[in-house]
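Here is a short tour of one protein model, written to be read with the viewer open. Please load the sequence and the coordinates, and follow along.

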Amino acid sequence: MKHWKDALLGLAAAAVFTILYLTGALTLLEERLYDFFLGFRANRERIDSVVFLDVDDQAIAYYGVFPWPRSVPADGLLRLKEYGARAAIFDIEYIDRGPQGIDSLYLDYGLGNDFSRSFNEISTAVRDILNAIQTGQIGRADISHYARSLSSIIDNEHQSLYGKSQNISRDNDIYLAQALALFGQSWSTLNLWAYPLEGEQAERYLIAQEKFAYPVDASPGASRGAGFVNILTPLPMFAHAAKGAGFTNVEIDKDGVRRRVYLTQNIRDHWYLQLSFAPLMDYLGNPQIVLEKSKLTIKQALMPNGEIKDIVIPLDKKGRMMLDWPKEDYYKSYTHVSFANFSLLDDIEIELEKYSRALADADIYNFSRFDSSLAAIPAILKDTAELFDAAAAARHSAMENTSDHSFDSYVKYRNYAHELIGELLELDVITKVFAVAEQVSIEYTDYFLDEAEYIAQLTESLDVNLSRFKEISAANDSALRDKFVILGRVDTGTTDYGANPFHGKYINVGTHGVVLDTILSQSFIVPLGIVWGILFMLIFIPLFFLFSGRLSPVPRASAGFGAVLIIFVFAILLFRFTGVYFGPLGLILAMITAIIIREIISYSRSEKEKQFIRTAFPLMFQAM
């Protein structure tokens with residue numbers, strides 16, 4: 001009978017902690033224990049398919065305070081297209097109109113070239129007509145006809161220059177929308193709201209429903225999400241230009257830590273995907289999603305290695321995936337490229353064009369009279385300028401017409417121009433112009449030396465910039481080609497950070513990379529439901545106390561605490577090697593509580609027996 005009392009004590013302790021479990025009193029401690037267990041996860045290599053394109057302090061130094069003009073991310077998208085990025089995932093919201101912008105590159109260089117070309121054409125036409133009149137090729141009767149032709153040429157050039165001048169001021173929103181459409185693999189944000197929106201923003205919901213909803217086969221018991229009722233999409237021009245979109249809302253636990261995330265949420269009977277989960281589904285071939293109470297299955301996913309398989313993602317009791325957080329901080333996990341690299345390339349391209357055009361205006365001709373190997377330079381520079389013009393025209397056409405062919409032409413023309421600059425540098429221009437300057441007569445020495453110095457400075461600048469462009473561009477290509485590229489703000493001025501199980505301050509944009517990494521690596525964490533923990537506790541503890549009650553106090557207590565240690569170690573090993581999280585907190589606390597109470601009762605009972613013996617046999621104890 002005594003042993004059954006021990007079993008009832010164990011059952012009572014289990015029942016008490018079951019109630020504490022069900023009322024949520026142990027939730028905070030259980031979450032902290034889970035964080036502790038995460039530290040025992042086996043270290044592994046993170047996938048190389050995720051790259052963060054960081055709007056960091058270095059990038060902010062280039063463009064100034066964020067938010068930037070929308071031409072900046074637009075130009076960045078063109079770089080990503082050039083490097084063959086798999087997807088551009090924007091963790092940046094564009095829900096309102098932005099300010100107008102100025103095409104500074106065209107203002108500084110293109111417009112001047114267009115004016116020079118137009119006036120050269122007009123001057124050439126005037127000269128040809130005057131020469132023809134002078135030589136008698138045009139008679140008095142034909143002058144009015146040629147005058148009208150000349151007037152038509154002037155009018156056409158006037159209209160052309162006027163139209164191009166208007167392009168200096170551009171709508172950066174339209175420019176970004178054009179870049180989104182041209183890149184073709186951009187993913188924008190959906191902002192889920194817990195209450196209805198109003199006005200024009202409310203009307204955008206139809207765009208989300210028509211363009212971004214994803215078919216999900218959900219069972220009756222499956223979670224429908226966090227109860228959001230509306231969606232705020234980006235501006236319509238961005239929404240229509242993007243390939244897709246996903247929601248950025250992340251559930252934060254009561255202690256402020258991000259441990260899990262919804263992959264799907266249902267709003268108005270339509271399903272939407274998490275921001276990085278959406279492009280992943282596109283990459284996997286837009287497979288069927290089957291959502292059940294405790295798991296999400298991606299059916300017949302086309303894996304990167306060509307294999308077709310089902311991916312089963314375990315979910316917690318609310319339908320969320322547990323995130324396999326890296327132990328490192330944001331900057332030490334995954335690959336990072338500063339947006340400043342793109343900015344630097346823009347500057348270098350401008351300088352390459354500027355210095356090559358300036359070199360074309362230098363007096364190379366006089367030097368070539370003394371060294372015939374320099375005679376090819378003017379032709380090279382002329383071809384280079386024409387290639388830069390053709391590249392600019394092709395780029396403009398690509399944006400206006402969403403033309404991959406024009407974009408490929410733009411890259412080809414630009415690269416050809418750079419190759420010609422490389423050919424020019426191979427001519428050893430600097431050595432040769434200074435050699436010529438030393439050969440000329442004394443009366444021309446100063447002029448040739450000054451001009452040689454000017455040519456040398458331009459040539460050195462071209463050499464340095466071309467080398468830097470190749471180096472940075474090659475590094476970007478290696479880092480970004482065929483990668484999921486996540487764009488977000490990470491500079492010291494950002495407030496978009498939170499806590500994860502390892503770091504009290506973690507840049508939130510990193511969450512999207514962890515979602516991709518967890519699914520692609522299939523390093524899933526399986527949270528056993530609370531029911532399993534309660535059942536095990538209600539069965540194991542009474543049985544343990546029933547059989548251990550036959551032991552004497554010291555071995556009995558040792559066995560109890562030994563069992564607690566074994567359970568704890570077993571739970572850690574199970575989690576480390578299988579990813580199954582069996583929350584042992586309630587079981588351990590119930591065991592320890594019951595052990596302590598049992599030994600207190602046992603000790604009290606023993607003391608009462610001793611006291612009874614002392615009272616019943618006083619003479620015996622006096623004799624002792």
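Which residues lie nearest the centre of the second largest pocket? They are Glu-31, Arg-260, Asp-316, Lys-317 and Ile-530, out of a lining of 38 residues. Before going further, please keep in mind that this is a predicted model, in which local features need pLDDT of at least 70 and side-chain atom pairs count only at pLDDT 80 or more, while totals for chains, interfaces and linings use all residues. Residues are numbered from 1 along each chain as its sequence is written, and side-chain values use heavy atoms, with hydrogens and water left out.

**The pocket and the cavity**

The second largest pocket holds about 1100 Å³ of space. Two or more lining residues come from each of α1, α2, β14 (308-314), β20 (526-527) and α19, and α2 gives the most, with five residues. Helices (H or I, at least four residues) and strands (E, at least two) are DSSP runs, numbered from the N terminus. By class, this lining has 18 nonpolar, six polar and 14 charged residues. Here Ala, Val, Leu, Ile, Met, Phe, Trp, Tyr, Cys and Pro count as nonpolar, Asp, Glu, Lys and Arg as charged, and the others, Gly among them, as polar.

A search of the whole structure also finds one cavity of 30 Å³ or more. The space in the largest cavity is about 40 Å³, and its lining is made of Phe-90, Tyr-94, Leu-180, Ser-188, Phe-238 and Ala-242. Five of these lining residues are nonpolar, one is polar and none is charged.

Both terms rest on a 1 Å grid over the protein atoms alone: a cavity is a set of points where a 1.4 Å probe fits but cannot get out, a pocket is an open set with protein on both sides within 12 Å along at least five of seven lines, and lining residues have an atom within 4 Å of a point. Grid points are joined across faces, edges and corners, and a volume is the space filled by probe spheres set on the points.

**Salt bridges**

The whole structure has 35 salt bridges, each being a side-chain nitrogen of Lys or Arg within 4 Å of a carboxyl oxygen of Asp or Glu. Three of them make a handy set to inspect:

| Pair | Closest N and O atoms |
|---|---|
| Asp-35 and Arg-259 | 2.7 Å |
| Asp-253 and Arg-259 | 2.8 Å |

Asp-35 sits in helix α2 (residues 27-38) and Arg-259 in the loop between β8 (244-247) and β9 (260-261), 224 residues apart. Asp-35 and Arg-259 are both buried, and Asp-253 is buried too. Buried means under 20% relative accessible area, exposed over 50%, and partly exposed in between (1.4 Å probe, protein chains only). A network of salt bridges links Glu-31, Arg-32, Asp-35, Asp-253, Asp-255, Arg-259, Arg-260, Asp-316 and Arg-320.

Arg-86 is buried at 12% relative accessibility, whereas Asp-482 is partly exposed at 41%. Asp-482 also has a positive phi, near 60°, in a residue other than glycine.

Asp-269 is another non-glycine residue with a positive phi, of about 65°. Its place is the loop between β10 (264-267) and β11 (270-273), and Asp-269 is exposed at 63% relative accessible area.

**A nonpolar patch on the surface**

Leu-22, Leu-528, Ile-530, Val-531, Trp-532, Leu-535, Ile-539, Leu-543 and Phe-547 form a nonpolar surface patch with about 910 Å² of accessible area together. Patches are made of residues with over 30% relative accessible area and no salt bridge, with like charges joined within 9 Å and nonpolar side chains (Val, Leu, Ile, Met, Phe, Trp, Tyr) within 5 Å. Accessible areas come from the Shrake-Rupley method with a 1.4 Å probe, and for residues only the protein chains shown count as cover.

Helix α19 provides the largest share of the patch, seven residues. Trp-532 is found in this helix, which spans residues 530-548, and is exposed at 58% relative accessible area. Leu-22 belongs to helix α1 (residues 2-23) and is exposed as well, at 60%.
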